[in-house]
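Hello,

Please find the structure below.

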Amino acid sequence: MIDTKHFQGSPKNISPPLTEGSWSFGPVGGFFLTESLVLNPNGKIDGYYHHNERSWRIENHRLLILGEDGNLMWRSIEAFKDPEGLINIILQHPAATETRFLLKQNIQQPEPQQPPQEQHSPAVTTTPSLAGMSDAEFLFPSDLEVTPVKVGKVLLVGSCLTALYHEQLQARYPETHFDYIPYNFVSSLPDTPPSPVSAYDFQYLQIPLRSVLSDRVIWGFQFSEDGFTRTILQDAYSIIDAMLSTAMIYNEKHGLLTLVSNFIVPQMSTASSMYERGGNNDLATIVQRLNDYLNEKVAGYKNAYLLNVDAVSSTIGKRYILDDVVYFYSHGAVTYQDWDDFGSIARNEPIPPLETVYPVKKDAFLDAIFRQMVTAYRTTQQVDQVKAVVFDLDNTLWRGQIAEHYRPEAQPWPRTDGWPLGIWEAIHYLRARGVLVAICSKNDYDYVKNRWDDVIDPKLISLDDFSSVKINWIPKAQNITEICKEFNIKPKSVVFVDDNPVERAAVASALPDVRVIGGNPYLTRRILLWSAETQIARMTEVSGKREEMIRGQIEREETRSTMDRSEFLASLNCEVSLINITSTDQPEFGRTLELTNKTNQFNTNGQRWSFEQIVDFLKNDGKILAFKVKDKFTEYGLVGVLYLKGTEITQYVMSCRVLGMEVEEFVVAEAVKILRSSHAGETAITATIKETPDNTPCREVYLRAGFREIDAKDNVRQFILNGNEMPVQPKHIKQG
């Protein structure tokens, strides 16, 4: 907290003493823009000259920094002393709250005679500094999270390591309830878990490494015997098959989302000689192979995913976690002194507490494990999914400004090693996940295009890698709005990366749903690649072709602008292929579920479906009609799903990328045929629309298809096509 409550003019016992000495100023975790900023008692800022920071005052115990135009640029959210006793003030941009700058005292101030008041503002929650970033946050960034997800109930199945999870996580995360089923060796699970299967958000399965390897590996000399390693591996594979099959009973019967932990690899080689390290007789190598096998087997199950606990352990440091410094190698659990006798048996030299010998990061590990579960759950549920990342150029894709720092006559140019190369690679990995990438930069397009190959060295990315390129002097928010239209996505699905806090603030103000990052280049790659919101649960055919489809769509729209509507539609050579989804085993099912749960605009009721709900829908005579679309420009893949029950279309979902081609009416007509074919004679077909804030594009689809609207029920619009009526069927579309 900063006293006094109000200040504007000469200082009156301000605490901390802001007007004494100079300050360093710059982004949190980044380089300081200046080390000579002075907060002048007259309310002016001296020693640093920028139009964003021209004056200051105190209001309601907060330091406010104003720009040249008098508008608020920064406000303090935290003030504290670092270990050196220097005052640090965290500043936040009011329009882009994730943008944080630091005002750091340059000289040590004398300690006041009276104890200082509490220095943290109780009204503000702050982001930890880089030095204080938790392992869980480092591994699984929360920067792109918008929608909180509450995990209500989790079923834990496993050995003593899972027992530790059950005991500790329940205490650490009381808002989540954890049930636990012990699972060692090839034992059977109860027919029903402690709670109904439908009550669990997911199941977490940890197969014990000791059960898989058996205690034979303790006799290390046996690895030198012919065939011993081969026998161990063959037996281990068989045991994994048996244990996985038994433990997946709730997944296979009920479709319960299952997250499977892999094995923690021993931290040192167990080979008998240096020559054999990494070879067939090294237990570390064997466990790595078991992880590969487990990954392959889990991939064969539906709605099941492997979690890389070994990677979490490695990042935090196995020396702080893994108990193989005390216990036998195949125990594979966390160092935790709950099995010691604590001096109950006399010794000549008492055993000291374990943590005085080996520092243990049990709490950090447990937090990271739970965070891994939650982020995996967010990814499978497609919460806050990122569909496009828009990049600035100067000081974002490369160091410096292309027009200033890369002039042919000025050498040397800024280096490209380090974070620029990391961002370039990240762009390609995002594309591989089906995330669209675009450029939005205030620059001269022709200049950038002509100089691109000079600046991008080595030539790992090109302008052609970006699905949309907006290099001009138009406000960036306007360009991003246009990109959203081209991609048929909403701003909430976009991440904007820009080094300039003013540009980020402007975009955040105009498009508050866009997530903006980029102030610290050391953070950008990690956020983009490791966040749950940029991951996908399973790659579908459509995900892999999304970039190609968008390019074709942009070309289609350019052609549309040169022709009248009927001529344009006739020229498309549009073809629709219908697919009846009768089982979750069908290759199209994954895309069907993905499309249903991520579509907001053309979605007649906004309903989201779990894997389990779709299984029940199909079991209870529900029909799912999916369809693919292609035209002369591109193949759009599976872009629509209709849920049919009895004589009703209960839900209709379609990607907006084919909206306006009259595909939506064509498919309704086909759905009517399917429903009537299951009933004798002329049958009336009904449909409903529940209006949501986003689904404007689909609200007239049934009227366009020839249905008649009748009285609404419980705020749900009702439509009917009488038995003697035929739906509208566009003639320019043919069925594939």
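How far is the sulfur of C574 from the closest cysteine sulfur? The sulfur of C574 lies 15 Å from that of C656, too far for a bond. This is a predicted model, in which local features need pLDDT of at least 70 and side-chain atom pairs count only at pLDDT 80 or more, while totals for chains, interfaces and linings use all residues. Residues are numbered from 1 along each chain as its sequence is written, and side-chain values use heavy atoms, with hydrogens and water left out.

Cysteines. A search of the whole structure gives zero disulfides (a disulfide being a pair of cysteine sulfur atoms within 2.5 Å). C656 is in no disulfide either, and its nearest cysteine sulfur, that of C698, is 8.5 Å away. C574 is buried at a relative accessible area of 1%, and C656 also counts as buried, at 13% (buried means under 20% relative accessible area, with a 1.4 Å probe and protein chains only).

Cavities. Three cavities of 30 Å³ or more are present in the structure. A cavity here is a set of points, on a 1 Å grid over the protein atoms alone, where a 1.4 Å probe fits but cannot get out; lining residues have an atom within 4 Å of a point. Grid points are joined across faces, edges and corners, and a volume is the space filled by probe spheres set on the points.

The largest cavity holds about 350 Å³. Its lining has 26 residues, and K387, N488, I489, K598 and R657 lie nearest the centre. By class, ten of the lining residues are nonpolar, eight polar and eight charged (Asp, Glu, Lys and Arg are charged; Ala, Val, Leu, Ile, Met, Phe, Trp, Tyr, Cys and Pro nonpolar; the others, Gly among them, polar). Helices α15 (541-560) and α17 (589-598) each supply at least two lining residues, and α17 gives the most, with three. Helices are DSSP runs of H or I, at least four residues, numbered from the N terminus.

The second largest cavity has about 80 Å³ of space. Among the residues that line it are L161, Q206, F263 and H331. Its lining divides into six nonpolar, five polar and no charged residues.

Helix α12. The twelve residues of α12 (476-487) should span 16 Å at 1.5 Å a residue, and the end C-alpha atoms are 16 Å apart, which agrees (the expected span is 1.5 Å times one less than the number of residues). Buried residues in α12 include K476, I480, C484 and F487. Just after α12, N488 takes a positive phi of about 55°; N488 is also one of the residues nearest the centre of the largest cavity.

Regards

Technical notes: 1 Å grid on protein atoms, 1.4 Å probe; cavity = no way out; pocket = protein on both sides within 12 Å on 5 of 7 lines; lining within 4 Å. Buried < 20%, exposed > 50% of the residue type's maximum accessible area, 1.4 Å probe, protein only.
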